[in-house]
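Keep the coordinates open as you read.

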Amino acid sequence: MDEALAAGVHAWVVQGYGRERLRALVHLAQARAGHERKLRQELSELSERFEERKLVDKAKGILMRARQVSEDEAFTLLRTASMHGNQRVGQVSRQVIEAAQVAEAINRAGQQRMLSQRLVKLYALVCAKTDGDAAQALLRQSAARLEDNLKALEKTLSAATFGDLLQAARTGWEPIKRLLDGPHEARHLAALDELAEALLAQADALVVALETSGLATTVHVINVSGRQRMLAQRLAKQALLAGGKTSAALTATAKAFDEGMAALTRAPLSTAEIRELLAAARHAWDALREGVPRAGSAAGQRQLAAASEELLDLFDKLTGAYQHSIQVLMG
């Protein structure tokens, strides 16, 4: 009987068939099948509504935290978007959740690019004994931040889709970590920089894969803003390693940063907060550039350190503003 029910049988006869009973038995089986279909459909609809409710609640929470709006305002945003897109609120909510996850992952992977360059910059400052204690503390903080980001990405991203890139990032980080755990000496700078360049390439590959995943359509601005963090750290690193001498690599980094600033200025996504942060970033960038030819002196090194850290703080805020914007979250 259990096997028959599992196979979809709705009626059976124990003592054999009688021709006069066959018609009634067939009608009974059909009625039972129809009743079960109705129950399954109702259960499926209830489950779908329950799952949709969970998606809506999660999407509302994302919008409430990102834009500091009330629950009612967040739901109004979802409902309006569903009407404009001719979609169910649950579908829009799923898109918001996916966009938020991709935006956060791009921000974190972008931080890995920046940290690869910041580690070398801080290591150089420690070796130069310019504000050594402060540089040492920031070096430890940067290493911990890189490790935390890597763990978060490994936890949230699909291993089937991004596992090879995450493994490459993990493999690239391990020798850097071992080098940072040892004595900090200038003779290790070249090796550290080489390892950091490989880590930068691995992080950049992950950013590109996330941006082109198709899960969110308006995340490019997060990539551009996050890359500015890396370029500021890279310029400071290159100036310190070159002792203030101009090089083609340093010129290329400065040009890339200027192009990024122009792209962010042209971007249609703009608020008063974003415009204010961009203006402050331009001033900090000018200060960083002024310190480049003086990188061979303690005063120039301190100027490079202060300006690059200020740019890091500004672009952390700016990238967060883009990540949590309504345009990015809701396409």
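Buried means under 20% relative accessible area, exposed means over 50%, and partly exposed lies in between, with a 1.4 Å probe and protein chains only as cover. Helices are DSSP runs of H or I with at least four residues, numbered from the N terminus. This is a predicted model: local features need pLDDT of at least 70, side-chain atom pairs count only at pLDDT 80 or more, and totals for chains, interfaces and linings use all residues. Residues are numbered from 1 along each chain as its sequence is written, and side-chain values use heavy atoms, without hydrogens and water.

Start with α8. Of its 23 residues, 19 are buried, so by the cut-off above this helix is mostly covered. From first C-alpha to last, α8 reaches 32 Å. That is close to the expected 33 Å, where the expected span is 1.5 Å times one less than the number of residues. Gly 243 follows α8, with a positive phi near 65°.

Now α7. It also has 23 residues and reaches 32 Å, close to the 33 Å expected. Its buried residues include Leu 189, Asp 193, Leu 206 and Glu 211. The cover over the buried residues of α7 includes α4, α5, α6 and α8. Leu 206 shows the packing around one side chain. Beyond its neighbours within four places in sequence, Leu 206 is in contact (heavy atoms within 4.5 Å) with Ala 109, Leu 153, Leu 157, Phe 162, Leu 165 and Leu 166.

Next, the cores. A nonpolar core is a set of buried Ala, Val, Leu, Ile, Met, Phe, Trp, Tyr and Cys residues joined through side-chain atoms within 4.5 Å. The largest has 77 residues, and Leu 206 is among those with the most contacts inside it, as are Trp 173 and Tyr 322. Elements giving two or more residues to this core include α4 (89-128), α7 (189-211) and α11 (298-323). α4 gives the most, with 15 residues. A second, separate core of 14 residues includes Val 56, Ile 62, Ala 74 and Val 92.

Turn to charge. Side chains of opposite charge can pair when their charged atoms come close. A salt bridge here is a side-chain nitrogen of Lys or Arg within 4 Å of a carboxyl oxygen of Asp or Glu. The whole structure holds 22 of them. Arg 118 and Glu 309 meet at 2.6 Å, N to O. This pair links α4 to α11, across 191 residues. Arg 118 is buried at 2% relative accessible area, and Glu 309 is buried at 19%.

Arg 170 has two partners. Glu 147 pairs with Arg 170 at 3.0 Å, linking α5 to α6. Glu 174 pairs with Arg 170 at 3.4 Å, and these two both lie in α6, four residues apart, about one turn of the helix. Shared partners join Glu 147, Glu 154, Arg 170, Glu 174 and Lys 177 into one network.

Look next at the loop between α4 and α5. Most residues other than glycine have a negative phi. Lys 129, in this loop, has a positive phi of about 60°. Asp 131, also in the loop, has a positive phi near 50°. Lys 129 is exposed at 70%, while Asp 131 is partly exposed at 45%.
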